Amino acid sequence: MSPRRTAIVTGSTSGIGLGIARAFAAAGIDVMLNGFGDAADIEATRAGLASETGSTVLFHGADMSKPDQIAALVAAAEAGLGQVDIIVNNAGIQTVAPIESFPVDRYDLIMAINMSSAWHLTRLTFAAMKARGWGRVINVASAHGLVASPFKSAYVMAKHAVVGLSKTVALEGAEHGVTCNAICPGYVLTPLVEKQIPETALARGISEAAVVRDVLLAGQPTRQFVTVEQVGALALFLASDAAAQITGTALPIDGGWTAH
Ligand code: NAD
């Protein structure tokens, strides 16, 4: 049996991050949750997950756009969980707008949260993983880390960068038992996607129903959303010993989107 592992999952108060945290806690991995939201809701999620699974589940509200707060998150995880074996760089935001009118403050924030936070959290946890000879860096990139769509210039740029970071970190960890991979989901129906339906409707001048049918799922050949449980199961596999030789990859879980 593998030793008990510990994980930080960023952006895990909602959506995919929460799905990954659930999968980890259910598998006996102690988890540090992170993200924004109503304090009482977050505490209910944390306590519920801990009591359902018997795993230790903690929460730290670091703003992942702020390097000093990322350092505080790592310190809290080390203090509360003992060490950090697995990091899941998942926190992310989206803005959909043509590049010529793309809000510059949103560009800066997307780069900070979707891209730079993955670099910082890896930078701050990697030495200890290498020293112990075991570690997992799992980056939630996107199908948009492999291909592009119009009106998502900052997001596509950040996600392609995360795929590049994953390859570099994989090479640096390769002889130390530390793997690094990017998961590239297609469309998963989470609050992030729900929010961009009206924005996309506006940018393209079409109805919201048409956005779901003709934009979001048009390129996803299964014509079904990926589920957070499916992404959680993939992350859990990448965190396992069975995945020790999978490193430096960008793994699509996208209903066939990037096959064509
Ligand atoms: P979501 O909006 O449901 O969740 C995002 C999480 O990030 C929340 O917990 C939120 O509180 C947190 N967060 C946002 N800003 C933060 C900050 N500054 N500091 C800390 N936490 C912050 O979104 P989601 O769909 O679950 O997205 C999660 C990740 O998956 C993102 O990186 C996203 O790009 C990626 N992704 C999503 C889809 C999809 O279709 N939903 C597809 C591919 C990739």
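Me: What makes both faces of strand E1 covered?

Reply: Thr-6 and Ile-8 sit on one side of E1 (residues 6–9), Ala-7 and Val-9 on the other, and all are buried. Buried takes 20 or more other C-beta atoms within 10 Å of a residue's own; 12 or fewer is exposed, anything in between partly exposed, with C-beta atoms placed from the backbone. Strands here are DSSP runs of E with at least two residues, helices runs of H or I with at least four, numbered from the N terminus. Bear in mind that this is a predicted model: local features need pLDDT of at least 70, side-chain atom pairs count only at pLDDT 80 or more, and totals for chains, interfaces and linings use all residues. Residues are numbered from 1 along each chain as its sequence is written.

Me: How do you know that E1 and strand E2 pair?

Reply: Pairing needs at least two bridges found by DSSP. E1 and E2 (residues 30–34) have four, in the parallel sense, so they qualify by that rule. Ile-8 stands opposite Met-32 in E2.

Me: Why is Phe-59 called buried?

Reply: Phe-59 has 20 other C-beta atoms within 10 Å, so it counts as buried. Phe-59 belongs to strand E3 (residues 57–60). Leaving aside neighbours within four places in sequence, Phe-59 is in contact (C-beta atoms, placed from the backbone, within 7 Å) with Leu-33, Ile-42 and Arg-46. Asn-34 is 25 residues from Phe-59 in sequence but 5.7 Å from it in space, C-alpha to C-alpha.

Me: What makes up the largest nonpolar core?

Reply: It has 68 residues, and Phe-24, Val-31 and Ala-235 have the most contacts inside it. A nonpolar core is a set of buried Ala, Val, Leu, Ile, Met, Phe, Trp, Tyr and Cys residues joined through C-beta atoms within 7 Å. Helix H5 (residues 153–173) gives the largest share of this core, eight residues. Domain 1 (6–186 + 228–253) and domain 2 (188–225) both contribute, so the core lies between them. Those bounds come from an automatic or database domain assignment. Phe-24, for its part, touches Ala-7, Val-9, Ile-29, Val-31, Leu-236 and Ala-239, not counting residues up to four places away in sequence.

Me: What covers the buried residues of H8?

Reply: The cover includes H1, strand E4 (86–89), strand E5 (135–140), E6 and E7. Among the buried residues of H8 are Val-228, Val-231 and Ala-235.

Me: How do you know that the shell around the ligand lies between the domains?

Reply: Domain 1 and domain 2 both give residues to that shell, so it lies between them. Of the 30 residues around the ligand, Gly-11, Gly-15, Gly-35, Gly-92 and Leu-192 come nearest. Helices H1 (15–26), H4 (104–132) and H6 (191–204) each supply at least two residues of the shell.

Me: What about the contact between the two domains?

Reply: The centres of domain 1 and domain 2, taken over C-alpha atoms, are 24 Å apart. The contact takes 12 residues from domain 1 and nine residues from domain 2. H1 and helix H8 (228–238) each supply at least two residues of the domain 1 side.

Key. A residue is near a molecule or strand if its C-beta atom, placed from the backbone, lies within 6 Å of it.
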